[in-house]
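Please keep the sequence and the model open while reading.

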Amino acid sequence: MTNTLYDRLKPEYKDSLSKNVEKYPTIVKEVIEALKQNYFWNDLTIAQTKDLISFTDETFGSIAYYDWSYGDKFLIPNDKVNESTNSK
């Protein structure tokens with residue numbers, strides 16, 4: 001089973017989005033919804049990726065090209081998410 005991008009989002013980034021949702025409810029909720037509706041990083045638009053980065057307190061300069069391309073910095077690998085789900 002493939003998990004959504006939101007399921008695979010690292011906890012620290014979910015926390016950052018949660019902190020920003022009160023101040024920027026529309027944009028942050030749109031980012032969360034995009035993450036919940038998509039399974040693959042490349043299904044996100046550039047704008048959605050940019051907004052995610054903006055509201056996770058990362059700087060654009062700290063994002064390597066492969067993080068833009070594959071989201072490795074932000075996501076838990078699918079097999080690791082499944083391991084934690086199966087161990088519960």
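Helices here are DSSP runs of H or I with at least four residues, numbered from the N terminus. The model is a predicted one.

Q: Where does Thr4 lie, and is Thr4 buried or exposed?
A: Thr4 is found in the segment before helix 1, the helix that covers 5–8. Its relative accessibility is 11%, and buried means under 20%. Because 11% falls under that cut-off, Thr4 counts as buried.

Q: Which residues does Thr4 touch, not counting residues up to four places away in sequence?
A: With those residues up to four places away set aside, the partners of Thr4 are Leu35, Lys36, Asn38 and Tyr39.  One of these, Leu35, is also a member of the largest nonpolar core.  The residues asked for are therefore Leu35, Lys36, Asn38 and Tyr39.

Q: Which element gives the largest share of the largest nonpolar core?
A: This core has 17 residues, and the members that touch the most others are Leu9, Leu17, Leu35 and Phe74. Two or more residues each come from helix 2 (11–21), helix 3 (25–37) and helix 4 (46–54). The largest share, five residues, is given by helix 3.

Q: Is Ile46 buried or exposed?
A: Ile46 lies in helix 4, and together with Phe60 and Trp68 Ile46 makes a nonpolar surface patch of about 330 Å². Exposed means over 50% relative accessible area. Because its relative accessibility is 71%, Ile46 counts as exposed.

Terms used. Residues numbered from 1 in each chain as written. Predicted model: local features only at pLDDT ≥ 70, side-chain atom pairs only at ≥ 80, totals over all residues. Heavy atoms only, no water. Core = buried A, V, L, I, M, F, W, Y, C linked by side-chain atoms within 4.5 Å. Buried < 20%, exposed > 50% of the residue type's maximum accessible area, 1.4 Å probe, protein only. Contact = heavy atoms within 4.5 Å. Patch = residues over 30% accessible without salt bridge, like charges linked within 9 Å, V, L, I, M, F, W, Y side chains within 5 Å. Areas by Shrake-Rupley, 256 points an atom, 1.4 Å probe, with all protein chains shown as cover. Salt bridge = Lys/Arg side-chain N within 4 Å of Asp/Glu carboxyl O.
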